[in-house]
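User: I am new to this structure and would like to go through a few of its features with you, one question at a time.

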Amino acid sequence: SAIGIISPRFDLNDVGFEYRADVINMHVGAGYSWTEPGEILRRAEVGGALFQNSDFDGNVNGRGIFHFASIQFLNYYSLNWNLSYNPQTVGNRRTRGGPLTLTPSGYQVNMEASSDSRKKIEVELEASTYQSEAQKQWQLSTGIVWRPAANVSLSISPNYEHDRETAQWVTSKDDPTASATFGRRYIFADLDQQTLSANIRLNWTFTPKLSLQLFLQPLISSGDYAQYKELARPRSFDFRVYGTGSSTLAETKSTDGSVSYTADADGSGPAVPIAFDNPDFNTKSLRGNAVLRWEYLPGSVVYFVWTQSRYNETNIDGNFQFNNSVDRLFKTQADNIFLVKFSYWFNM
């Protein structure tokens, strides 16, 4: 069991990265392990936990029940899974400092299987999903590790994720007529996001004093926004969709193909029109580095490093287009960095 508290006034400033403050986190859990091999299993573990997050105002921001288990068969193949259920809670971050909202209940399932890690070829497969009224997420990844020799290993781990959000943040604007949300309108939209990525790594030890490491990480991610809406009232998950009832939503296209929108909550009424740019995105990036390590004297090392990065982003079209994205990525100007680092050991 554990409890952790971060005060709302806690601020790291430039000392480090702070994920969030104003949180009281607690959990209690238990599990049991079987370590003696049987007729089918070499080992097994099962457990569960109850958890809760709240803020200093007493709002429960996260709560749920969690179950985990892992088993390893006699042939060293493994299977792991996690299950969790989250009841409805209060969200204090969705409006970026504005009114509280509700976070609908949801559940998560995660499954992972792997082969014998002692073999020259090791394979892993992982699938997970999270399902709720606010989010429907699917993720599938696999990993292959090849060890052709004791001093060489090559691993490739592609990953695909599809995420559908029904209340993705867009922007907020002041409007004195928005009395229900304290004089400000909070704009959201449906988001359909797809992400394809991979980690590729090569480790090659030529001698105990000379080794090479190569790493490559391509990524393609697109986000398509639709059905723009505003929060209807605090402490709810209710929204008013623009373009329905008396509200309007106008689209404007510029000569370069970019799109902007103007939303009006009551058409010709007194509400202030809200203008915002198209938040669609299509991002491509490629990061890679090579590190050659040479220990030229005992304890003294020199590193030769080459890093290359490519990045391209557009907001005209949020549809996932694999071939077009790969073509744009390799046509993008690359940034190359070369470094040499020396260290010398003084035997005092």
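This is a predicted model: local features need pLDDT of at least 70, side-chain atom pairs count only at pLDDT 80 or more; totals for chains, interfaces and linings use all residues.

User: How much space lies in the largest pocket?

Analyst: The lining of this pocket has 34 residues, and those closest to its centre are R20, N61, R93, R94 and T103. Among the elements that give two or more residues to the lining are β2 (23-34), β3 (41-54) and β11 (152-174). The space in the largest pocket comes to about 950 Å³.

User: Into how many nonpolar, polar and charged residues does the lining of the largest pocket divide?

Analyst: Strands such as β4 (60-73) and β9 (121-132) each give two or more residues to this lining. Sorted by residue type, the lining of the largest pocket holds 13 nonpolar, 15 polar and six charged residues.

User: Is L50 buried, partly exposed or exposed?

Analyst: L50 has its place in strand β3, and together with V28, I65, Y85 and Y107 it makes a nonpolar surface patch of about 490 Å². Buried means under 20% relative accessible area and exposed means over 50%. The relative accessible area of L50 is 49%, so this residue is partly exposed.

User: How far apart in space are L79 and A113, C-alpha to C-alpha?

Analyst: L79 lies in strand β5 and, at 25% relative accessibility, counts as partly exposed. Although L79 and A113 are 34 residues apart in sequence, the distance between them in space, from C-alpha to C-alpha, is 4.5 Å.

Technical notes:
Residues are numbered from 1 along each chain as its sequence is written. Side-chain values use heavy atoms; hydrogens and water are left out. On a 1 Å grid over the protein atoms alone, a cavity is a set of points where a 1.4 Å probe fits but cannot get out, and a pocket is an open set with protein on both sides within 12 Å along at least five of seven lines; lining residues have an atom within 4 Å of a point. Grid points are joined across faces, edges and corners, and a volume is the space filled by probe spheres set on the points. Helices (H or I, at least four residues) and strands (E, at least two) are DSSP runs, numbered from the N terminus. Ala, Val, Leu, Ile, Met, Phe, Trp, Tyr, Cys and Pro count as nonpolar, Asp, Glu, Lys and Arg as charged, and the others, Gly among them, as polar. Patches are made of residues with over 30% relative accessible area and no salt bridge: like charges are joined within 9 Å, nonpolar side chains (Val, Leu, Ile, Met, Phe, Trp, Tyr) within 5 Å. Accessible areas come from the Shrake-Rupley method with a 1.4 Å probe; for residues, only the protein chains shown count as cover. A salt bridge is a side-chain nitrogen of Lys or Arg within 4 Å of a carboxyl oxygen of Asp or Glu. Buried means under 20% relative accessible area, exposed over 50%, partly exposed in between (1.4 Å probe, protein chains only).
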